[in-house]
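Hi,

I'm passing this structure on to you, as promised. Have a look at it first, and then read my notes below.

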Amino acid sequence: MKQDKFKHQVWLECAACGHRTPFVRPLKACEQCGGEWLDARYDYDATREQWPAALHERPFDMWRYRELLPLHDDAHRVTMGEGGTPLLHATNLGLMLGCPHIYIKDERQGPTGSFKDRQASLAISVMKEHNVTEAVVASTGNVAISYSAYSALAGIKMWAFLTSLVPSEKMREVALYGSEVIKVTATYDQTKKVAADFAARKGIFIDRGIRGISAREAMKTVAFETAEQLPGLIGPGDTLWRTPDWYIQAVSGGMGPVGVWKAYEELIMLGLVDRMPKLACIQVAGCAPMVHSFNKGLEEAKPVLNPQTLVITIATGSPGPAYSFLARVIREHGGAFEAVSDEETFRAMHVMAKLDGISMEPAAATAFAGLFKLLSKGVIRRDEIIVVNCSGHTFPVEKHLLGDRWARTVELPTETPGVKEGLLGSLGQLNGRVRTIAIIEDDPQATLLLRRILQTRGEYQIFEAPDGAAGLELVRCKRPDVILLDLMMPGMDGFEVLEALKADEKVSDVPVIVITAKELTTAERERLGGQIETLMQKGSFTDEELLEEILKRAA
Ligand SMILES: Cc1ncc(COP(=O)(O)O)c(C=O)c1O
Ligand SMILES: [Zn+2]
């Protein structure tokens, strides 16, 4: 596509003293006070006027917001389809948790599968604009992969310093793009120092990560897109674009939430939204310096010297300067710092794949585990509008996640009887003792969720009835091992079904698990009396709790 000529003004503004200077070359520090946190600033008045018409014409990718990005000339753009990712509605997860508004910003769909592609595209473009031909980057994996892909395209030689804890598959991907891979047998924090020494000694440009402007500015586009996408999903609000109640991301340096915070400040200035989202920054318990520091009320993060986690992507013990900003923003506008265990992370990863078909890498699953925890603590309300950043690919899938029984083997006998008989015979062995379950539920979405949870174990034969009368008939005809019964149904409701079942001696002993959205009155509880095995509140049980209940009853 031909890119029209476009030039715009960008300034660097020091967060410490407010000194402003035109952005003509990357600066390490403020020329006036030496402050290291410099923010890019733009002509917001011009942008306010241009955007409504201009955005209409542009493709949905991250470059549509170019007036608020620090690249002067479009011709320097290094691009391969980054940004413009879908905002997916987490339907089954939402049903299970009782949250109708969970949305997933699907950053897996970037060119190398993580949200770092936005950062790489902008950072490498800016390097190109400033005639950088060789650069150093330190990474826990995804940044190196992404920077390597984009620097290949731009013709920039990349030196990628990785902690040796990074899975070898990721390292090989970095090498595949032609980068120099330097494996440092130390933590990520030490790796960063080695990379900086190397760059200083050789006089090579080093990517400054969150300290540089490219990374933060690129991350804003996640928030711009989300704010622009939300009205189409939840309907119009008081402003043209919309702010979610929560933005959730797993953090180590904190680049994502910092970018999102800055993006909403700018959108408020432009009048496109009228408030900030609450930011939830999630870390793994074995490396949670931000969470501990926030809980202690510290202004600056106290590093964790020895990260203990399998989630290497976010094992940064020393979080750097973003913490102080994020802590301040969260104190001012609401939000949370939360820690989850590795185990909770891997469980969330499995749940998201099973329930909504979304496979993600552990670092992204940490954010989902955080969501589950903040919901159960009541910090996030179930009716709030929640956006979770989902990044990264799962491959190769961690072995321990699936256990030993993730596949079944069919062995073909090599001798007579003939191959066909042998195959059928072998397939027959796949069916162990199949348990049968009847779902009596009038809401097709709820039925789908229950079916999905059962299907993930693959050992149930599932019968479904959309109302009470059909359910009763079904139970009498199939005599299932367990019944999942909804209470509120038009016509014959769950109470009546239960009474009819218990009065029929042929089926009166079939265990019944009542699953209801209704808060029961005392009279209703009495009416259920001892006739049911378990009462489960819709939106408050997890897939594993339900399966455990069923296993107990259908054994
Ligand atoms: C998938 C994923 N989530 C979260 C992070 C943490 O990002 P940050 O260090 O900017 O907080 C990374 C970093 O590489 C990542 O790849
Ligand atoms: Zn300054």
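Let me start with a charge over a ring: the charged end of R216 sits over the ring of W37, 3.9 Å from its centre. I use "over a ring" when NZ of Lys or CZ of Arg is within 6 Å of the ring centre and within 35 degrees of the ring normal.

Before I go on, some housekeeping. This is a predicted model, where local features need pLDDT of at least 70 and side-chain atom pairs count only at pLDDT 80 or more, while totals for chains, interfaces and linings use all residues. Residues are numbered from 1 along each chain as its sequence is written, chains are lettered from A and ligands numbered from 1 in the order in which they are written, and side-chain values use heavy atoms, with hydrogens and water left out.

**Salt bridges**

The structure holds 42 salt bridges, a salt bridge being a side-chain nitrogen of Lys or Arg within 4 Å of a carboxyl oxygen of Asp or Glu. One of them joins the side chains of R211 and E36, at 3.7 Å from N to O. R211 lies in the loop between strand 9 (205–206) and helix 7 (213–234), and E36 in the loop between strand 2 (20–22) and strand 3 (38–41), so this pair ties together parts that are 175 residues apart in sequence. (Helices, H or I with at least four residues, and strands, E with at least two, are DSSP runs numbered from the N terminus.) R211 is partly exposed at 36% relative accessibility, and E36 is partly exposed too, at 46%. For those words, buried means under 20% relative accessible area, exposed over 50%, and partly exposed in between, with a 1.4 Å probe and protein chains only.

Other salt bridges stay within a helix. K192 pairs with D189, with the closest N and O atoms 3.9 Å apart. Both sit in helix 6 (residues 188–202), three residues apart, so about one helical turn separates K192 and D189. K192 is partly exposed at 30%, whereas D189 is buried at 13%. In helix 19 (residues 543–554), K552 and E549 are also three residues apart, about one helical turn, and their closest N and O atoms are 3.2 Å apart in a salt bridge. E549 is buried, with a relative accessible area of 11%. Salt bridges that share partners also join E13, R20, D39, R41 and R216 into one network.

**Aromatic pairs**

A search of the whole structure finds 12 aromatic pairs. Rings of Phe, Tyr and Trp (its six-membered ring) pair if their centres lie within 6.5 Å; planes under 30 degrees apart count as stacked, over 60 as edge-to-face and the rest as tilted. W51 and W241 form a stacked pair, 6.0 Å centre to centre with 25° between the planes. That pair links distant parts of the chain: W51 is in helix 1 (residues 44–57) and W241 in the loop between helix 7 and strand 10 (246–250), 190 residues apart. W51 is buried at 3% relative accessibility, and W241 is buried at 6%.

Y65 and F224 have ring centres 5.1 Å apart and planes at 55°, so this pair is tilted. Y65 lies in the loop between helix 1 and strand 4 (87–89) and F224 in helix 7, so the pair ties together parts 159 residues apart in sequence. Y65 and F224 are both buried. W51, Y65, F224 and W241 form one aromatic cluster.

**Ligand 1**

Which residues come nearest to ligand 1? Of the 14 residues around ligand 1, they are N142, S252, G253, G254 and M255, where "around" means having a heavy atom within 4 Å of the ligand. An oxygen atom of ligand 1 is 2.5 Å from a polar backbone atom of G254, and an oxygen atom of the ligand is 3.1 Å from a polar backbone atom of M255. A polar side-chain atom of K116 also lies 3.1 Å from an oxygen atom of ligand 1. The protein covers 95% of the 400 Å² of accessible area that ligand 1 has on its own, with areas from the Shrake-Rupley method and a 1.4 Å probe.

Cheers

Key
A polar contact is a pair of N or O atoms within 3.5 Å; within protein, one must be able to donate a hydrogen and the other to accept it, and residues adjacent in sequence count only if both atoms are side-chain atoms.
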